[in-house]
Amino acid sequence: MPAAAETMPQNATQNSALAPGFQDPVHDAQDCFRAIMNAMARPGTLHGVRTSELTPPAPLTPAGAAAALTLFDYDTPVWLDRTLMASDEVKGFLRFHTGAPIVSEPVEAAFALVADPLQLISLASFNQGSAEYPDTSTTVILLKQDFGDGDKVTLEGPGIEKSAQFAPKPVPPTFWDQVIANNRQFPRGVDLIFAGSAEIAALPRSTHVTLPES
Amino acid sequence: MTGTAQLQTYDFAGGEYNFAYLDEQTKRMIRRAILKGIAIPGYQVPFASREMPMPYGWGTGGVQVTASILGKDDCLKMIDQGSDDTTNAVSLRGFFEKTAGVRTTYETSEATIVQTRHRIPEKPLREDQIIVFQVPIPEPLRFLEPRETETRKMHALEDYGLMHVKLYEDIAKNGHIATTYAYPVKVNGRYVMDPSPTPKFDNPKIDRMAALQLYGAGREKRIYAIPPYTDVKSLDFEDYPFEVQKFDMPCGLCGAENVYLDEVILDDKGGRMFVCSDSDYCEERRAEGHTGPMAADPAAVHIGGGKQEETDR
Amino acid sequence: MYVAVKGGETAIRNAHKLLAKRRRGDTSVPALTLEQIAEQLSHSVARVMGEGSLYDETLAALAIKQARGDLIEAAFLMRAYRTTLPRFGYSEPVDTAAMLVERRISATYKDLPGGQVLGPTFDYSHRLLDFALAAEDGDAVPAAETAPVEDVGMPRVTDLLGDEGLIEPSSTDSGDAPVGDLTREPLSFPADRDLRLQNLARGDEGFLLALAYSTQRGYGRTHPFAGEIRYGEVEVEFFAEELGFAVTLGTIKVTECQMVNQFAGSAKAPPAFTRGYGLVFGQVERKAMSMAMVDRSLRWQELGEEPVAPAQDIEFVLSHSDNIQATGFVEHLKLPHYVDFQAELDLVRRMRDEWFEKRRQENGSGNTQEAAE
C-alpha cells in the first residue's frame with residue numbers, strides 16, 4: 001500500500017540545522033546507484049562513491065548516507081540498529097531527506113541500516129521474501145566497513161567469473177555461517193551492502209560463500 | 001467564443017522534464033527493482049511501470065530501465081532488429097538525446113549502455129558495458145499457462161514440467177524444437193526465463209556474458225536481470241541438444257560467417273541477398289576491407305547505406 | 001522495400017509533418033478551439049479524462065485535438081502527461097450523497113426522496129439526424145423549464161435500502177483502511193475490490209460494455225437493477241497535514257451508478273440485495289453502468305458464486321481492460337519484426353523440406369514432388 005500523503009521533502013522548511021543531502025540530487029544519486037548496481041552485479045568488488053560533500057550526523061557515515069539518499073523514500077520502510085535509532089539527528093536526517101518511514105520490526109523493513117555491525121542481529125530476523133515474491137526481502141546495509149582486513153572468504157556464483165576473495169570487517173561472530181545459510185534458501189533471502197569510507201561492495205543472496213577452513 | 005469558467009488556463013510553453021525524463025521517485029523505484037533482479041538472476045521483479053511518452057510495445061520497459069541507470073557521462077547505443085537506423089531505434093535514441101543530452105553512438109565498442117530490441121550485437125560485450133533488452137512478454141510460461149497466479153506458483157516451486165512437455169511435444173510432432181526466437185533459458189540453474197524475442201541464434205551470447213544484462217517489460221510491469229558470467233542454459237534434451245540457426249552463405253556485403261543474417265528481397269523474381277542483421281558489425285568489417293559475394297551488386301549500395309548520423313558531444 | 005524500416009531521422013521527421021498536416025485538414029476551415037471541444041464534445045472529453053486517469057477538461061480537449069479525435073490516443077496523451085506530475089497525496093473519499101445533482105434516476109422506485117431528475121439525457125430522444133444542427137449558427141438553444149428542486153436532500157437509493165437491511169453494507173472496511181493504487185504498485189492477483197474498481201474506472205468503455213452485456217446474456221448472470229444513476233458535481237477534499245483538517249481543492253463532475261443485484265443468501269448471510277458500483281468522470285453513463293455490472297460480476301468469490309463466465313474472471317478482466325496497454329501491444333506489430341520472421345522463415349523452409357522428403361520416401365521414387373518448392 002502506498003504511504004499516506006507526504007509532502008515533498010524539499011518543500012519543508014523546519015530544521016535549519018539539518019545536514020544537507022546530495023548537492024546534485026539527480027546526478028549524485030545516479031552515480032551512487034551505478035556504484036551499488038555494479039557492486040551487486042559483481043559480488044565482492046569495490047566501487048567508489050562520491051561522499052565528500054555529505055556530512056551526515058554520526059553514527060551515520062557519508063557512504064551510508066549516500067546509499068540511503070539513493071535508495072530510500074516513502075515507499076521503503078527502514079529499520080535502524082540500536083546506535084542509529086538512538087540518534088534523533090540520524091532519524092531526522094533520514095526522515096527529512098528521504099521521507100522513509102522508520103520501523104521497529106526488522107521483518108517489516110525494505111532496508112536495514114547497521115552502524116554497529118559487530119552487534120548485527122541475526123540475518124534471519126529480517127524479511128526473507130516469499131517463495132512467490134522473493135523480491136520483498138530486506139536489503140541490509142552495513143556501515144563502517146574496512147575491506148581486506150577481515151576474514152577472507154571465497155565467493156562464487158552469478159557476477160563472478162571464477163571465484164573472488166572478500167574480507168570485510170567488522171562483521172559479527174557467526175556472520176559467514178549466516179550468509180551461507182542465507183544463500184542456501186535462494187531465491188529467498190536478504191541481500192547485503194557493505195559501505196566503507198568511500199567504497200561500496202555487495203553480496204546478493206545468490207553468492208555462494210566458502211570459509212577458508214572448509 | 002470565450003472560455004468557460006471551469007476551463008483551466010495554461011501557458012502552453014514547452015514543459016521541462018527531469019534528466020532522462022523520469023522523475024527521481026520513479027527512478028528510485030526502478031533502481032530498487034533492478035537491484036532485486038540482479039540479486040535473483042532470472043526472477044521477474046514486479047515494478048510500478050509508468051506510462052511513457054511512447055506506446056506500450058515500443059520499448060517502454062527498456063526505456064524506463066535505461067532512463068534509471070543512465071548518467072550524463074554514458075554513451076548510448078540504441079538498436080532494433082540489430083540495426084541502429086531502424087525507425088524505432090532512431091526514435092528512442094532521439095528521446096534520450098533530447099531528454100538526457102547524452103552522447104550516442106552506432107559503434108558497439110564505444111557504448112557504455114546498449115538498449116536493444118530483438119538482437120544482441122555480434123561483437124562480444126565487455127565487463128564495462130550494460131545491455132538493456134526491451135521485453136514484450138516476460139513470462140516464458142505465459143503461452144502454456146495464461147494465468148499469472150499459476151505461473152508465479154510454478155516459478156516458486158521450480159515446476160517447469162509444462163515447459164519440458166511443450167518442447168518434447170514439438171520434437172514428437174516436428175522432429176525438433178520448433179521455437180526459433182524467445183527460446184527459453186534456465187538462469188543459474190534456477191529460474192526459467194524468456195530472453196526476449198531475440199532469435200535463438202543469440203542465446204549462446206547471454207551465457208556467461210561479461211556485461212550485465214537488464215530486461216525491462218513496461219506493459220507487463222516486470223524487470224529482470226542476468227549478472228555477468230552467469231550460467232544461462234537454453235532448455236533442451238540430451239538426445240535433442242539445443243542448436244542455433246546456421247546460414248548457408250556469408251553476408252552478401254561483408255562476407256561475415258557465423259553471424260545472424262537478414263534476408264532482403266531484391267525483386268519479384270526470387271532475387272535475394274543475405275546481409276548482416278548487425279549493421280554496425282557489417283560496416284566495421286567493410287571498413288576493414290572485407291567484402292562479401294554480392295558487394296558489387298547494385299543493390300548493395302542501396303542496402304549498405306550511407307554514413308549514419310550520431311551525436312558528437 | 002528494405003529501406004522502409006531504415007528510413008531513419010528523415011522519414012520520421014516527414015511522417016510527423018504529414019501527420020500535422022492531416023490533423024489540421026483544410027486550413028480554409030477554422031481550427032477547433034479547446035473551448036469548442038470542451039463545451040460541445042463533452043462526452044469525448046469525459047471519456048478521455050476517465051480513461052486517461054486525469055481530470056482536466058482543458059488538457060483533455062487539447063489531447064482530443066492533437067489526436068485527431070482518436071479517443072484512445074487522446075487518453076494515452078493524458079496518461080503520459082499524468083505520469084510526469086508531482087504527487088502530493090490522496091484526496092478524501094468524495095461524498096456522492098452530497099452531490100450537486102444535475103441528473104438522478106432510479107429504475108427501482110417510481111418516486112423517492114429528492115425525486116427523479118431526468119436532466120440532460122439521450123434516453124428519450126428519437127435518434128433522427130437533426131438537420132437543423134447542420135446549419136446551427138451558435139446561439140439558438142432552447143431554454144429548459146426546470147422546476148425548483150425541493151430541498152429535501154437526495155439520499156442514495158442504496159442507503160434507503162440499507163436502512164431496512166435489505167442490501168449488504170457498502171463495504172466491510174472502515175473508511176480509514178489504506179486503499180491500493182495500481183499506478184504505484186503493479187497489480188498482483190488476486191486483486192482486492194479497491195484495486196479492481198480503480199482498474200475498471202480506468203478501463204476501456206467498449207471492453208466493459210461488452211463484458212457487462214455478456215452477463216445479461218447468460219454468461220455469469222447477476223440479475224441487476226439500476227438502483228440509481230446520478231450525475232453532478234462533487235467536492236474533492238484533501239487532508240492537509242500542516243493544517244490538521246481537510247480543505248476543498250475544487251469540484252469535479254462524476255457519474256455514479258449503483259446496481260442492485262439479487263442475492264439468494266448463503267449459509268453465512270441472509271438473502272439480501274448486493275451491490276455493483278460504478279464511478280466515472282463526467283457524464284458517461286454507459287461506462288458507469290457497465291463498470292457496476294462488471295464489478296458485481298467480479299465479486300463471485302466473496303458471495304460464494306460459481307465462476308463460469310469471462311466477466312467473472314478477475315485476472316482476465318483486469319489484465320485486458322486497459323486500452324492504452326491493449327492498443328500498444330496490438331499496434332506494436334507494426335514495428336519491424338524481421339529478425340524473428342527470418343528465424344521463422346528458416347524453420348518453415350526446413351519443415352517443408354522435411355515434409356516433401358518424407359512424402360518422397362513414402363511414395364517410392366518420386367519425381368514431381370518438388371514442384372511446389
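## Basis and secondary structure

Helices (H or I, at least four residues) and strands (E, at least two) are DSSP runs, numbered from the N terminus. On that basis chain C has 13 helices and four strands, while chain B has eight helices and twelve strands.

This is a predicted model, in which local features need pLDDT of at least 70 and side-chain atom pairs count only at pLDDT 80 or more, whereas totals for chains, interfaces and linings use all residues. Residues are numbered from 1 along each chain as its sequence is written, chains are lettered from A and ligands numbered from 1 in the order in which they are written, and side-chain values use heavy atoms, with hydrogens and water left out.

## Dimensions and burial

The C-alpha atoms of chain B fill a box of roughly 70 × 55 × 45 Å along the principal axes.

Buried means under 20% relative accessible area, exposed over 50%, and partly exposed in between (1.4 Å probe, protein chains only). Of the 373 residues in chain C, 40% are buried; of the 313 residues in chain B, 62% are buried.

## Helix α3 of chain C

Helix α3 of chain C covers residues 42–52, and nine of its eleven residues are buried, so the helix is largely enclosed by the rest of the structure. Among the buried residues are the charged R47(C) and E51(C). The residue that follows α3(C) is S53(C), which has a positive phi, near 65 degrees.

## Salt bridges

A salt bridge is a side-chain nitrogen of Lys or Arg within 4 Å of a carboxyl oxygen of Asp or Glu. Over all chains the structure holds 52 of them. In chain A, R50(A) pairs with D28(A), with the closest N and O atoms 3.0 Å apart. R50(A) lies in the loop between β1 (47–48) and α2 (62–71) and D28(A) in helix α1 (residues 25–41), so the pair ties together parts 22 residues apart in sequence. R50(A) is partly exposed at 44% relative accessible area, whereas D28(A) is buried at 10%.

In chain B, the side chains of R222(B) and E148(B) meet in a salt bridge (3.0 Å, N to O). R222(B) is in strand β9 (residues 222–226) and E148(B) in helix α4 (residues 148–157), 74 residues apart. Both R222(B) and E148(B) are buried.

In chain C, E205(C) and R286(C) form a salt bridge with a closest N to O distance of 2.7 Å. The pair links helix α9 (residues 205–216) with helix α10 (residues 285–298), 81 residues apart. E205(C) is buried, at 8% relative accessible area. Salt bridges with shared partners join R47(C), E51(C), D204(C), E205(C) and R286(C) into one network.

## Surface charge

E92(C), D95(C), E235(C) and E237(C) form a patch of negative charge on the surface. Patches are made of residues with over 30% relative accessible area and no salt bridge, with like charges joined within 9 Å and nonpolar side chains (Val, Leu, Ile, Met, Phe, Trp, Tyr) within 5 Å. E237(C) is in strand β2 (residues 224–240) and is partly exposed, with a relative accessible area of 32%.

Key. Areas by Shrake-Rupley, 256 points an atom, 1.4 Å probe, with all protein chains shown as cover. Charge placed at Lys NZ, Arg CZ, Asp CG, Glu CD.
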